[in-house]
Amino acid sequence: MLTALTLCLGLLVLLAAAAVALGRSPRAGAIVHGGCLVASLGFAAVALAALLGAPAEPLTLPFGPPWAAARIGLDGLSAWFLLLLGLTGGAASLFALGHPPGPARTLPPFPLFLAGMALTLAATDAFLLLFGFELMSLASWALVAADHEKAENRAAARLYLGFAVLAAACLIPAFGLLAGHAGALDFAAMRAAPPEGWQAAAVLALGLAGAGAKAGLVPLHVWLPLAHPAAPSHVSALMSGAMTKVALYVLARLLLDLCGAAQPSWWGVPLLVVGAVSAVLGALRANLEDDAKTLLACSTIENVGLIVLGLGLALAFRGADLGPLATLAAGAALLHALNHGVFKTGLFLVAGAVLHSAGSRRLDRLGGLIHAMPVTAGAALVGACAAASLPPLSGFAGEWLLLQSVLAGWRVSDIAFQVLAAAAAALAAMAAALAAAAMLRMFGLVFLGRPRTPRGAGAHEVSAIERAALLLPAGLTVLFGLFPGLLLSLAAPALTVLTGRPAELPPGLWLTAGEGASGYAPLAVFLLLAAVLVAVFFLVRRRSPAATQRGPVWNCGFIDPPSHLLPFGDPLTQPTAGGIAQPLRRMLGESLLAAHEAVDMPRPGETRAATHRAGFRDPAFALLLAPAAALRERLSIQAERLRDFTIRRCLSLSFATLVGLLALLAWIEAR
Amino acid sequence: MTFGQLPYDVAHLLGGGMLLISFVLLYQRRVGAVINALALQGVLLACAAAWQGHVQSAPQLYLTALIALGAKAVLIPLALRTLLRRLDLHRTVETALGVGPSLVAGVALVALAILVVLPITAGNRAIAREDLALALSVVLLGMLMMITRRNAILQVVGLMTLENGLILAAVGVAGMPLVVELSTAALVMVLLVVGGVFVFQIRERFDTVDIGFLERHRGESG
Amino acid sequence: MQTFGAVLTQVLHIALMLAAAPAVVGVVRWLKARMLGRRGASPLQPFRDLDKLLRKQPVLAENASVVSEAAPYAAFAASLVAIALVPSFARGMAFAPLADLILLAGLLALARMALALAGMDVGTAFGGLGAAREMSFAAFAEPALLLSVLTLAILAGTTNLDLIGATFREGALGLRVSLGLAAMAMLAVAIAENARIPVDNPATHLELTMVHEAMLLESSGRHLALWEYGAALRLTLWLSLLAAVFLPFGTAPAGSGPLAWVPGLLAWGLKMGALCLALAGFESAIAKMRVFRVPEFLGAALLLALLAAALLFVSTGLA
């Protein structure tokens, strides 16, 4: 089994090499993406086998770092995330296969990106994990920078690289602390020697910052809405669907597994707070963005926040000896991670299809695409409804479990935590409602209404392969939504890793919580809805058999423009992205995101048009990036001063460094 | 005495009702509605006092209830209404802190009250503990109202809420001496304040001289 | 017998809800008219309106998509499934294990989404405006609802509606301040979700204030009938829900036979009548508020629900 995994990894590396060799050959895209599809399906199959069967013995690779051979292995947790990677990678590769080829420079990094994520998941020691993590970061950076002619993409790639360095700078010391305490780099040794005292607190802080920077947790999220849209669409899908989850895997591995099950209950609190805040801010930003892919990236921040909220609750419950509740919360996090990975991949692929077919990602330049692209619209509707957490789709199943575990937060008998959990419950519910608003805004502006530009009016449906790639995540979203109980029992090995106790899951298709007193049976709900729908349809049509009549649209009194200019009517009479965002911008945006709007009215007699300007500024920019820029400025000024040094001072500087290092060595030896 | 027993439940409910009305006072934007809510709070206070009189078999508490009903539910609201009408004051609430933030601050104050009262009164009976927490919350919300509202009438309302909270605390404690005297004294104080505001408003309206007005008319004589 | 009774009461319950929903709307309208000194239309008028609309052929805009055709059915189905879960005259009905409060919120969100999608389908200004406002209000109503559910879940140990009703009926909880606060919060949410005064005015087409009606401007004929029927179902649902949670008295066990159902039915009728009267009185006494004050209204509900939960934490800490 692990041999198959190794073969898939080798195939990906070979593909990257082949992509360089093939260069601009017209077949290169088909070969690389076809190979990636095969490898992704291989990952999914291996992960399924590992989840269903017994975990395999770790496999020692014939190469590795000098101190120890590299060993890969799969336990429940890594297999669960590998399954997610396989599914999303498969859909993204399939989409790329049917998509007209992009620039040749995007080909080599793509298999490496997949390989890096798989290696991170399969690693059984800190070195290999960090190696895979950095491979993933660098390959995705190359993909973000692929379209580097545009200035904003260059800026996004720079910012992305900065945050990748930050993540590494936090994760390496975090693993270093664990390894130093355990005396070895492999996970088994680390698990045997859990950190205590300040070391444990440092691992918590560094791990949260490092993995959070990669996953897009507030306040380290500023790169995400810029970088995810800059990459080609199938890569954005993978970045949002899989890469953020790999970062969460590292977070869960580090904090819930490697630090041992004996950590105190307050460990969950930072995760709870950061998760809840990310959920609300991400969902709110999604309501204010004008670009479809940026909107989806912001919704990713929201969902990552919800997953981290679940992980934090699991930590808190575990610390308070509430084992079944810890299983519930961890199950919610895992289920939501998988579900979000799948439907968000689908939504990003939809955005890619729309970008290719209608020529824009901006909500204000699209519209009415449901007529030209019915299949894409259907896939988008499934994804959007799942993201809006509507029953019986998959988003609701994860949300239900998550809300149930937040509602059980009061069982931790500490009143401060109880109040915090209640606030987190309110924020999670608010995030879900905000996500529904954002998804409605996206779907409504892109697919409903009338076209807003002539280019958008000339859109056409995408190719058959692309349609298949869109329908795959949509179908999985429906399927996962209907059988969450089966999925959760599939996740049982992963839950055992996370909670440190055998997961007792009630068998069956239901999701249950609260000692079985509350239940959610999506299949029954779906059947009921379908039965009522069919019955109502036939009863109503028997009473009123006449077909629907069509008439011209009432344009609120506006006169249609000449039809040879704008055959679809005046776009100004339709709601705009800014208009749909207005209620939430005024209700929440002004206080949380420093949103502002201004109307510039010409004076009577002036002939220029009135303008309405609206925007917002993410406070994280001011809080985080501005000080960072100031710091960089100061550091560079200091560095500049070095250049004016005389040779004597330069030499004394290096001499002092040498003496300092020797003194440090002596001090360490003495201990 | 714990949950599920009628004496405790009713007392708790009345206290909670007073707290709820304190929030209504913070939420309302029209002075008339604020005065109505204040009258309702007076009625609830009277009920709470009467109920405690019944439970503790302390007839003097009935007197407190009567005073509360007469003065706080009827007389002072009527006086405030008269003031409002006679002086033609602003009917809208002018806030120093917005309605939303003051509600959030109110919830935080209630949490503070709970956190303060519960450890201090550990070992007491539940009825005293929770009612004390509720009463302290009402007091704090009254103070919050006094500092976040600009209108003089609303500051009087805040003061009265504060005093309502004090009396609620006093009647809730069994065997507290001088409850009647306390409530009477507090009432006299409130009446004095109301009278003071009356006089102040009238003076401001009829007797004060706007110096800026004079400045403009100084003209060439100066 | 038990199973048979459960299924039979479930079927009867759905039939009752379908029959009662237009009547509830009619009664509230009639009561409001009487309170305002008008004679008012008969409480049965909504039945006649629905019947008239159902027979009419709908007219859609030229560029309306399949969304406009399907959304009314989807929203109606979601509302009907939701109301089938809320107990009325009997408890322990066949769907009782499904009757989860979070699922109920999800089904209502589904109906709301269908309505908003239909509002945006044609791309007219009013539809988009109404949809945006409706979804924005939900962002405040849902947390308030969830925190009220939290209070109930702490007291009853579950989010299942039937079990919550059973716990409260036994009366072991006594009168609680927390329950009162949660009831206030839930009432505010109910008012917002049903587009009643002061959040929205169901009887106006004034563009500055309308939310719900703005999305329905484009629909006609049987589609409009389904929308109106669905709205009536949701109003009945919320009133029934409030009755089932906070006034759970007098319901009959499902297996007890028709003779025991009659008092249950009477009790339900009484509760609904009282709630209709309260709603009509409240709507007559209060004015519509500005759109951007609605978050304040719902935010106050949210804070009350939070307060209810916090007080409950204190008392569970005491016990």
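How many salt bridges are there between chain C and chain A? The count is two, where a salt bridge is a side-chain nitrogen of Lys or Arg within 4 Å of a carboxyl oxygen of Asp or Glu. One that links these chains joins A:R550 to C:E69, with the closest N and O atoms 3.7 Å apart.

This is a predicted model, in which local features need pLDDT of at least 70 and side-chain atom pairs count only at pLDDT 80 or more, whereas totals for chains, interfaces and linings use all residues. Residues are numbered from 1 along each chain as its sequence is written, chains are lettered from A in the order in which they are written, and side-chain values use heavy atoms, with hydrogens and water left out.

The interface can be followed further through its contacts, that is, heavy atoms within 4.5 Å: 75 residues of chain C are in contact with 72 residues of chain A. The area buried between the two chains is about 6600 Å², and carbon and sulfur atoms give 75% of that area; buried area here is the accessible area (1.4 Å probe) that two parts lose on being put together, summed over both. In chain C, the residues that lose the most area to chain A are C:Y73, C:M120 and C:F313, which together make up 10% of what that side buries.

Across the same interface of chain C and chain A, the rule finds 19 residue pairs in polar contact, both residues being at pLDDT 80 or more; a polar contact is a pair of N or O atoms within 3.5 Å, and within protein one must be able to donate a hydrogen and the other to accept it, while residues adjacent in sequence count only if both atoms are side-chain atoms. Several elements of chain C each supply at least two residues to the side that touches chain A, among them α3 (66-85), α5 (125-156) and α11 (294-318), and α5(C) gives the most, with 19 residues. Helices (H or I, at least four residues) and strands (E, at least two) are DSSP runs, numbered from the N terminus.

Strands also meet across the two chains: three bridges join strand β5 (residues 549-551) of chain A to β1(C), and the two run parallel, strands being paired if DSSP finds at least two bridges between them. In β1(C), C:A61 is the bridge partner of A:G551.

Over all chains, the structure holds 24 salt bridges. One of them joins A:D257 to A:R191, with the closest N and O atoms 3.0 Å apart. Because A:D257 lies in helix α10 (residues 233-258) of chain A and A:R191 in helix α7 (residues 187-192) of chain A, the pair ties together parts that are 66 residues apart in sequence.
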